[in-house]
Amino acid sequence: MIVYILKRLATAIPTLLALVIASYLLMHIAPGSPFSSERGIPPEVLANLNAKYGLDQPLWKQITTYLWNVVAHFDFGPSFVYKDRSVNDIIAQGFPVTLTYGSLSFITAVLVGVTLGVTAAIKRNSWLDYLAVGVSIGAQVLPNFVMAPILVLVFTLTLHWLPGGGWSFSDPRFWILPVIALSTSYMASIARITRSSMLEVLGSNHIRTARAKGLPNRKIIFRHALKPALLPVISYLGPAFVSMITGSVIIDVYFTTGGIGKSFVDSALNRDYAVMMGVTILLGTLTILFNLVVDIVYGWIDPKIRY
Amino acid sequence: MKLILAISAFALMMGGAAPVFAQSDHVPAGTKLAKDQTYTYWLQDDIKTLDPDLNQSVEGNEMLLQLFEGLYTQDNTGELVPALATSYDLSDDKMTYTFHLRKDAKWSNGDPVTAQDFVYGWSRLADPKTASEYAWYLQLMNVANADAVVDGKKPVSDLGVKALDDYTFQVTLNKPTPYFRQMLTNASSFPVPEKVIEKFGDQWTRPENIVTDGAYTLETWDVGSKIVLKKSDTYWDAANTTLTEVTAIPIQDNDQALRRYEAGELDRVQIPAGQYPRLKKEYPDQAVSRPYSCTYAYRFNVGPKGPEALKDVRVRKALSYGINRDIIVDKILKGGQKPAYTWTHWATAGFTTPDIPYAHWTDQERMAKAKELLKEAGYGPDHPLKLRIMYNTSSDHKKIAIAVQQFWKAIGVNATLDNYEWKVYLDKLNQQHDFDVARTGWCADYNEASTYLDANTSWSDQNSGEWHNAEFDAVMKDSKTAADPQSDYTKAEQIMADQMPLAPIYHYAKVDMINSHIKGIFDKNVMNYWYAKDMYRTAN
């Protein structure tokens, strides 16, 4: 197991390296510069800017300097657009916010989704099943950019219960709308996957054996059916968790949460090379990490898988 | 839970201990002020920097006007109000300004604001090491040696600024500049605290480090979430500053921002295009439309990369005549904008709009003339003119582009729409000059017509259509030394109407919802400047 984990971590390094180089090159191929603005800039000022941010160096040198700073000093450089901020600052400020509402959304999505899915499967073809399937399909087809304004309309403008945006670590009222908006579509997918895989497991031989032994239904479901039924859910959860905690631009834009999702998209639009690279590396690392976690959990749940 | 209780208890205490505001001289006698003197406004885009020497955005400048103070501020009508400069002397050759500074101005750390802080700020703006995108502002002000210093050909110490003593700041220009003092209300010309910048470097604008000389200091700055300013007690006019807290919230989506305004979370927000008539009806005391000094135009590329057809003035005129500005203003924008026939905004201080014949032609007359000109230039049904209209991604630009496409179709021009992402559009417009017709907007840097007209001189970096006209250049050169530059500006607009390097489309209006309890916001300032120190909130 340890050897397996180490091996996986070792392969992560070339993967990340390839990610960095490919992103860096793609970014530079894209037309437009971080410094172009509506007002034409005199060439001498542009030259000063390029010199300040090292863009006057040959590309290979830029990449190696960048990598050296990241590896040796954990320094992702200054933002090209937010002149008073470094990339480390931007991530340090935005990531905790995203991590908070992302984790809460993840927990909500898993709890509600699995419950809905299991209920639907056990009470197959009953009104409960139809309700659960109905709810999850409804949640699936409502993308969060539609959800967000509807939630604000209902909870802020009509009921006056919750603030329509903003963020505070100390006041949970600010968390609720972003979490609902972000978690619903994941919740729906989890419910659907759980339901179908639960149905499959319930029809399998070992469950029939358990029933034949006369085990109570509750024990069959929780002891014998749930664990194997969750395998496909878990493989979905890895990437889902990463995409939730790395933020959603929609949530950040609608609710002005100040999370990292908006920084990521804005940095691409602003050609803020440094921020874009920083967030890409963060995302890449998290993706690799959570794929590994998923594989480990797999081995733990499924006795057929051994490393 | 404990924490929340503690916080609310603290808030209650603060509320209970709120001082009874002494009526400042900005507040009319008998006004009942609200206990809560806060003001929260909307930003479309996040503030990129709070460093006066690095800022280049309109929103950034607005916020810097609250945090810092320079030689002058503006009043409602855009007239200069002495701020740090109590008086000034101008030399006979009109090239040396000597400003006498007030002696009671302090930075928020208690240090006095001195002439040296101005010298440091201006030198820092010019310094190639600062690499400021606004370094050209000094070049625009014609500060002596600014070109060479920005270019790195002369040392920063050669810049034409000097501190004669602690409270006397002298600026030398390389040519007389009639609008020079007008430019001093922009944050790029403000003093900055040398000691703090040298100590903290790039980090000096953090809330925990920043030192300001304006009516407010920086309390919180969360990128993408909010910026909070607090009243500064060290400000020389603090006794007359009523609002205690100013908050800016960036919300990219204008409709969402409007919803949050309706929920009472914002005191001011822009009205999305087309919604002004409805909101004015619903909230007559909140929806406002005021002239705002910016112009929207379609620029023709007459340079080497532009199409041959546009080099013919008859074609350019026909295209401009073919645009029905009334429809764009009345049916698309609907926010009190005005049809534009000049590049300079109509409400610009001192500007006299020349008589431009096609401005008062009827729709039929303009169309007939346009068709006639196109025919003369050799275009017609069997040889239609084909053009590309370039704009950056935005539903408003798109609506206008589609309308123009239809107007031009009616005079026999086939236009295709080229929609580019912002940065690509800028590259094509300003760097590569690779376009036929491009939408462009221009906002005044100061309230004087030259801020518009200078952009079309052959030496301007803003002249993206590469239109060069000797007569226009000569008029603009003359305006710099003329006793009455305004007649030159009128003449320059006449040349533009004759040569049509661009088709002006509309003059902007600032169309906003403003909480009716917020008073003291300027309602006539065409630069859309506002100073929180002049504002206050009335009680319900």
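A residue counts as buried when its relative accessible area is under 20%, and as exposed when that area is over 50%. The model described here is predicted.

**Strand 1 of chain B**

By that cut-off, strand 1 of chain B, residues 38-43, is mostly covered, with six of its six residues buried. Strand 1 of chain B pairs with strand 10 of chain B, residues 245-250, in the parallel sense over six bridges. Within this pairing, B:T40 has B:T247 of strand 10 as its bridge partner.

**The two domains of chain B**

The domain assignment divides chain B into domain 1 (49-211) and domain 2 (291-510). Taken over C-alpha atoms, the centres of these two domains of chain B are separated by 34 Å. Their contact involves 13 residues from domain 1 and 12 residues from domain 2 of chain B. About 1000 Å² is buried between the two domains of chain B, and carbon and sulfur atoms give 59% of this area. On the side of domain 1 of chain B, the residues that lose the most area to domain 2 are B:P178, B:Y179 and B:Q182, together 42% of what that side buries. Zero salt bridges are counted between domain 1 and domain 2 of chain B, while two residue pairs are in polar contact across this interface. Helix 4 of chain B, residues 136-140, gives the most to the side of domain 1 that touches domain 2, with three residues.

**The interface of chain B and chain A**

The contact between the chains takes 59 residues from chain B and 50 residues from chain A. The area buried between chain B and chain A is about 4600 Å², with 51% given by carbon and sulfur atoms. B:E133, B:V223 and B:K423 supply 15% of the area that chain B buries against chain A, more than any other three residues. Between chain B and chain A, 24 residue pairs are in polar contact. Among the elements of chain B that give two or more residues to this side are helix 1 (2-16), strand 8 (216-222) and strand 10. The largest share, seven residues, comes from helix 13 of chain B.

**Salt bridges**

Over all chains the count comes to 30 salt bridges, and three salt bridges are found across the interface of chain B and chain A.

| Pair | N to O distance |
|---|---|
| A:R271 and B:E421 | 2.7 Å |
| B:R206 and A:D89 | 2.1 Å |
| A:R8 and A:D295 | 2.5 Å |
| B:D111 and B:K195 | 2.9 Å |

The pair B:R206 and A:D89 crosses between chains, from the loop between helix 6 (194-200) and strand 8 of chain B to helix 4 (residues 87-122) of chain A. B:R206 counts as buried, because its relative accessibility is 9%.

A:R8 in helix 1 of chain A and A:D295 in helix 13 of chain A are 287 residues apart. A:R8 is partly exposed at 24% relative accessibility, and A:D295 is partly exposed at 23%.

B:D111 lies in the loop between strand 5 (96-101) and helix 3 (115-126) of chain B and B:K195 in helix 6 of chain B, so this pair ties together parts that are 84 residues apart in sequence. B:D111 is partly exposed, with a relative accessible area of 23%, whereas B:K195 is exposed at 60%.

Chain B also holds a network of salt bridges that links B:R388, B:D418, B:K428, B:D434 and B:D436.

Notes:
Residues are numbered from 1 along each chain as its sequence is written. Chains are lettered from A and ligands numbered from 1 in the order in which they are written. This is a predicted model: local features need pLDDT of at least 70, side-chain atom pairs count only at pLDDT 80 or more; totals for chains, interfaces and linings use all residues. Side-chain values use heavy atoms; hydrogens and water are left out. Buried means under 20% relative accessible area, exposed over 50%, partly exposed in between (1.4 Å probe, protein chains only). Helices (H or I, at least four residues) and strands (E, at least two) are DSSP runs, numbered from the N terminus. Two strands pair if DSSP finds at least two bridges between them. Domain bounds come from an automatic or database domain assignment. Contact means heavy atoms within 4.5 Å. Buried area is the accessible area (1.4 Å probe) that two parts lose on being put together, summed over both. A salt bridge is a side-chain nitrogen of Lys or Arg within 4 Å of a carboxyl oxygen of Asp or Glu. A polar contact is a pair of N or O atoms within 3.5 Å; within protein, one must be able to donate a hydrogen and the other to accept it, and residues adjacent in sequence count only if both atoms are side-chain atoms.
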